[in-house]
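This report looks at charged side chains and at helix packing. Keep the sequence and the model in view while reading.

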Amino acid sequence: MSDKRPVNLDLGTFKHPLISMISIGHRISGVILFVGLVFLFCLFDTSLEGPAEFASAQALLQEDFLSQFIVWGLLSSLGFHFSAGMKHLVMDLGHGEELETANNAAKFVVGLTLVLAVLAGVWVW
Amino acid sequence: MLTVSVYRYHPELDEKPYMQDFQVDTGGKDLMVLDVLNLLKVQDSGLAYRRSCREGVCGSDGMNINGTNGLACITPLSACVKNNKLILRPLPALPVIRDLVIDMDQFYKQYEKVKPFLLNDTPAPAIERLQSPEEREKLDGLYECILCACCSTACPSFWWNPDKFIGPSGLLQAYRFLADSRDTATEERLADLDDPFSVFRCHGIMNCVTVCPKGLNPTKAIGHIRNMLLTRAT
Ligand code: SF4
Ligand code: SF4
Ligand code: FES
């Protein structure tokens, strides 16, 4: 009987505080960045093959919305990954372990990410 | 009328757990969640949940209330009900025995691991082991834990490694004895915790601090242990 016991682990029914969203987001953005690097390397590889390829890679980044969007997404992820990572580092040093400071830090991370995302957007387009 | 949606599971009758809706007349009062459960019990005497002290002292009625872990007896409806709906589920991640009653075995095993008692190999003094007020103060915010398991069952690291990661509650207790001036087993205690899982699975998600009904801060205690482990290693 006991091995059939159900477990309540229905993530959709739980409330997830902002701090925990940032923590999981930090890992997701890490994975995104890793996968995204493959795309960037392909592009980089193409651009090194010759002047014509370089031009087409350049055109891709200047005109193709999808690639621009990917680059923007990657930069934003990087911004988030960076700010959340800084928060983790600071916490590891023993600061911001009170709930209130941690909550404020979490909000700050979100704010900083938005700013960085806008800056990245300006830079890409 | 308040709609209360409760997680039901009877090991002999149900294949799978399901949510059952009740209508409860609260008389317009801001009852505690436990009071509502008692009203439900009148409607369905088969409903199972744990409770004892009804004042946040015993730690038996930890449950997931509208998505957040807490003690039913000290959570007023006004603090959790949204859209006139109360959703009660058992604490996450531990096996459900019946309805809102979970099997806390795994949780207690982790507690046991940290040897939650004073270890002192010096001869006992005639009356008692004394502490200065400052030494005693170090235990504030640690000894108040009532082992309700709200924190550990809200911790994603504990969800995925309930057998290897001690969890916030156990680690808070581990630090309670590491910080005790009367305890002489600091070195052994640290040696027991020094592996990749026991302490270092904590990623500072702080769900534990968010939910602790006694307002304790396991994250901070874990930070102290981590520092002790790192200092010891260098
Ligand atoms: S801070 Fe550590 S112990 Fe607390 S919920 Fe997060 S991972 Fe778990
Ligand atoms: S630390 Fe808080 S939430 Fe965790 S078991 Fe103790 S009292 Fe409950
Ligand atoms: S009944 Fe004792 S803590 Fe709620």
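Arg54(B) counts as exposed at 54% relative accessibility, where exposed means over 50% relative accessible area, buried under 20% and partly exposed in between (1.4 Å probe, protein chains only). The side chain of Arg54(B) meets that of Glu55(B) in a salt bridge, 3.1 Å from N to O. A salt bridge here is a side-chain nitrogen of Lys or Arg within 4 Å of a carboxyl oxygen of Asp or Glu. Glu55(B) is partly exposed, with a relative accessible area of 48%.

This is a predicted model, in which local features need pLDDT of at least 70 and side-chain atom pairs count only at pLDDT 80 or more, while totals for chains, interfaces and linings use all residues. Residues are numbered from 1 along each chain as its sequence is written, chains are lettered from A and ligands numbered from 1 in the order in which they are written, and side-chain values use heavy atoms, with hydrogens and water left out.

The pLDDT is the predictor's confidence in each residue, from 0 to 100. Chain B averages a pLDDT of 96, and 100% of its residues score at least 70. For the complex, the predictor gives an ipTM of 0.75 and a pTM of 0.86.

Over all chains, the structure holds 14 salt bridges.

| Pair | Closest N and O atoms |
|---|---|
| Arg8(B) and Asp44(B) | 2.8 Å |
| Asp99(B) and Arg8(B) | 3.1 Å |

Salt bridges that share partners join Arg8(B), Asp44(B) and Asp99(B) into one network.

Helices (H or I, at least four residues) and strands (E, at least two) are DSSP runs, numbered from the N terminus. Which helix of chain A packs against helix H3 (residues 65–92)? The partner is helix H4 (residues 99–124) of chain A, at an angle of about 155° and with the axes 8 Å apart. Axes are lines fitted to C-alpha atoms, for helices over the stretch in contact, and angles run from 0 to 180 degrees between N-to-C directions. H3(A) is therefore roughly antiparallel to H4(A), a label for angles over 145 degrees; under 35 counts as roughly parallel, 65 to 115 as roughly perpendicular and the rest as oblique.
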